[in-house]
Amino acid sequence: GFVMMIVVGVYLLIGFYLWMTTKTTTLVLEDTWLSRDYTFVFVSDFHVQALRHELYVQKIVNKIQGLNPDFVLIGWDLLDRVKPEYIEAFLPFNQLDMPVYATLGNHEKIGKMSLDISLFEKTNIKFLRNQKVFFEDIQLVGIDDKSFWSGKNLGDVLDESDIQDALYTILISHQPYKLSLMENYPIDLQLAGHTHRGQFVPLSWIIGLFNDYAYGRYDENGKIAFVSQWVGTWWAPIRIGTQSELVLVELKK
């Protein structure tokens, strides 16, 4: 009994450390034909709630600031559930002097209310809801999580996004989708989160059975997808076999 208590205690301490210690994973993409080199940060799944609030977000913002990217992309689940009082936690994003773009995740449908984007008007986070925006010669396309689709398929949502032929196009989606589903669209890079890489062993070993992609880089027919193991946690604030992560993407011309 005592030995088991020690083992469980060590397990929890390691899990808490792997959540609190956010690593930076670098993804370098070359020959993009862009006019210059760019760097940007992709982060997803904050899952802000009572125990993960403003100080937690501030720590992530500080880390982003230190990387000095051209812009920031968020693959959502900013909130664990929709509560207006949690929005204040994202005010640290106003300290960043580069654009911040976000999409909606499935947890934005959880709570006593539907997410009202106007709740975020005090922050500098810009939402891409099945729409595109250009950052210089990069086209950024953000789509809502499929829990918002109301019977539509991925093709319908991408059509609504009015994707243009552009020098380089990045799709931000909360959940990952197979690149083969995008073969008729000029998408060069898909960024997603949602899977948490399972968060715990042994779930991290089988998470790919429940998602199109589980974690990391995937290449198919000239298109690339990267699924982050994300920055936060769901349910318990611990991770085993995975780690809190920011993704620094370097686009080389």
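Colleague: Before we start, which rings pair, and when are they stacked or tilted?
Modeller: Rings of Phe, Tyr and Trp (its six-membered ring) pair if their centres lie within 6.5 Å; planes under 30 degrees apart count as stacked, over 60 as edge-to-face and the rest as tilted. The model is predicted, with local features needing pLDDT of at least 70 and side-chain atom pairs pLDDT 80 or more, while totals for chains, interfaces and linings use all residues. Residues are numbered from 1 along each chain as its sequence is written, and side-chain values use heavy atoms, without hydrogens or water.

Colleague: Which residues form the aromatic cluster?
Modeller: Tyr38, Phe40, Phe71 and Phe135 make up one cluster.

Colleague: How many aromatic pairs are there?
Modeller: The count is five aromatic pairs. One of them, phenylalanine 40 with phenylalanine 71, is stacked, at 4.8 Å centre to centre and 10° between the planes. Phenylalanine 40 lies in strand β2 (residues 38-43) and phenylalanine 71 in strand β3 (residues 71-74), so the pair ties together parts 31 residues apart in sequence. Strands here are DSSP runs (E, at least two residues), numbered from the N terminus.

Colleague: And phenylalanine 71 with phenylalanine 135: why is that pair tilted?
Modeller: The ring centres of phenylalanine 71 and phenylalanine 135 are 4.8 Å apart with the planes at 50°, so this pair is tilted.

Colleague: Are phenylalanine 71 and phenylalanine 135 buried or exposed?
Modeller: Both are buried, meaning under 20% relative accessible area with a 1.4 Å probe, protein chains only.

Colleague: Changing topic, what is the strand order in the sheet?
Modeller: The open sheet has six strands in the order β1-β12-β2-β3-β4-β5, with mixed pairing. Two strands pair if DSSP finds at least two bridges between them.

How values were computed. Helix = DSSP H or I, 4+ residues; strand = E, 2+ residues; numbered from the N terminus. Buried < 20%, exposed > 50% of the residue type's maximum accessible area, 1.4 Å probe, protein only.
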